[in-house]
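Dear colleague,

I am passing this structure on to you, and I would be glad if you could look it over before reading my notes.

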Amino acid sequence: MSVLTKVKPTVDTPFHIEWDWFRRNAVDGELLIREQLCAECRQAFDEGKPVEEVDWIDPDTGEVFRVDSVREAILSHCQWKPEYISPTTPLVTAVFRTLLAANNTPLSPRELAQRLVRWDAQTILAVLSRGDVKWGIMPADTP
Amino acid sequence: MAYDIQSETFWREWQVSDEDLDRLLEIFLERNAPLTLEQMARALVDRMVREIKEKSGGEADAVYDPTELYEVGTRLRFPRLGNVVGTVVGVREGHNPRYERFSVLQVRFHNQPDVREFVADFHHRHALNFEPGAVTEELSADRVYVQFQDIIHEKLEAALEASGDFARFGELWLPKGLLVEINLGNRNIAEAMVDVMGKPLPPEELLTEMEVPKDVAKPILVFSVNYALDNDERFLNKGTDRKPLWYLHRLEA
């Protein structure tokens, strides 16, 4: 990635969720993730389902990643629900949920637009790069 | 996902490149003999497959199948990861209350510092996008050759003829650069021998009187004689391409 790209992201700049951003800004990232759960999973955790480290299996490759059970629920269950990203989901929420569903694999605005359909790459780029960082979503190589 | 080389599309679109011709030249230098189209095609596919395997980390013992369990030390090819090959260095019990018991393989890949993990002995097909039967067998040059030999032969033959750099006699080919020159003097010796004997003679017998380099492999010498006489209008092959017998047109009554 060129220096210029680092300075000014483009539609091909990969973005991810920078978890450290939550700590630096005293924002409760875990609570934010819980808010993305489907009603069924949210209820399960509210009723005492343990938050523990589990093996999430990438369905495309069989690769296993150790994640907490809240993230695993999103990866294995919630993301497949139609309401996970609905026609009324705001753009930043939709991008956050898309990145969560991709196990935080960096995605460019162009790739996000292909998945989200409702917004074009330029619109997504404009929202992600204008003003303050939203929910820790920033270019993947940002230190 | 299989290798490109295992698909018909790859071979339909395949154009014999300069790189392929260089591969062929190396094959001829190794074999030190003329080759049939089939031998060339087999050797070329074998070399292409070998190069692919070297690039992706070498030979594998098996193609990764998430339903199987593998022992430590097994070398696995991962079709979904660009066919890279990794070695199982550990196995642990998996943990996810969503599924019944399963195992996790710890795999080390060439040039990757971190061990990566893959599910094993996993029997929840619905949780994976691996179609039953989609897991391919290990890439085999023999299978690729057998499956696509017709199209490979056709394209290879056309390319060899078009290049002008290969000599052909019957079913055999040899790069012109490896031919031994059978000069006019040697061809005159051959003519005299047939004249004296009054019967068609095999190239091996004609070579006994010719002045040719002694350090050249016999199959190349024999091919060179056949190629030279086949292109000399005085000579006539009274045998077959496989067992030529050289005679003279002017002795034909």
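The notes below go through what was found, part by part.

This is a predicted model, in which local features need pLDDT of at least 70 and side-chain atom pairs count only at pLDDT 80 or more, while totals for chains, interfaces and linings use all residues. Residues are numbered from 1 along each chain as its sequence is written, and chains are lettered from A and ligands numbered from 1 in the order in which they are written.

I begin with helix 5 of chain A, which covers residues 69–76 (helices are DSSP runs of H or I with at least four residues, strands are runs of E with at least two, and both are numbered from the N terminus). Eight of its eight residues are buried, where buried means that 20 or more other C-beta atoms, placed from the backbone, lie within 10 Å of the residue's own, exposed means 12 or fewer, and partly exposed lies in between. These residues pack against several elements of chain A, among them helix 3 (29–34), strand 2 (53–57) and helix 6 (91–101). A:S76 belongs to this helix and counts as buried because it has 20 C-beta neighbours inside 10 Å. Leaving aside residues up to four places away in sequence, A:S76 touches A:W56 and B:R98 (contact means C-beta atoms, placed from the backbone, within 7 Å).

Turning to the contact between the chains, 16 residues of chain B meet 10 residues of chain A. On the side of chain B that touches chain A, strand 6 (residues 116–120) of chain B gives the most, with four residues.

Within chain B, helix 2 (residues 18–31) and helix 3 (residues 37–55) pack at an angle of about 110°, with their axes 10 Å apart; the axes are lines fitted to C-alpha atoms over the stretch in contact, and angles run from 0 to 180 degrees between N-to-C directions. Helix 2 of chain B is therefore roughly perpendicular to helix 3 of chain B, a description that applies from 65 to 115 degrees. The contact is made by B:D20, B:R23, B:L24 and B:I27 of helix 2 and by B:M40, B:A43, B:L44 and B:R47 of helix 3 of chain B.

With best wishes

Key
Two residues are in contact if their C-beta atoms, placed from the backbone, lie within 7 Å. Angles under 35 degrees count as roughly parallel, over 145 as roughly antiparallel, 65 to 115 as roughly perpendicular and the rest as oblique.
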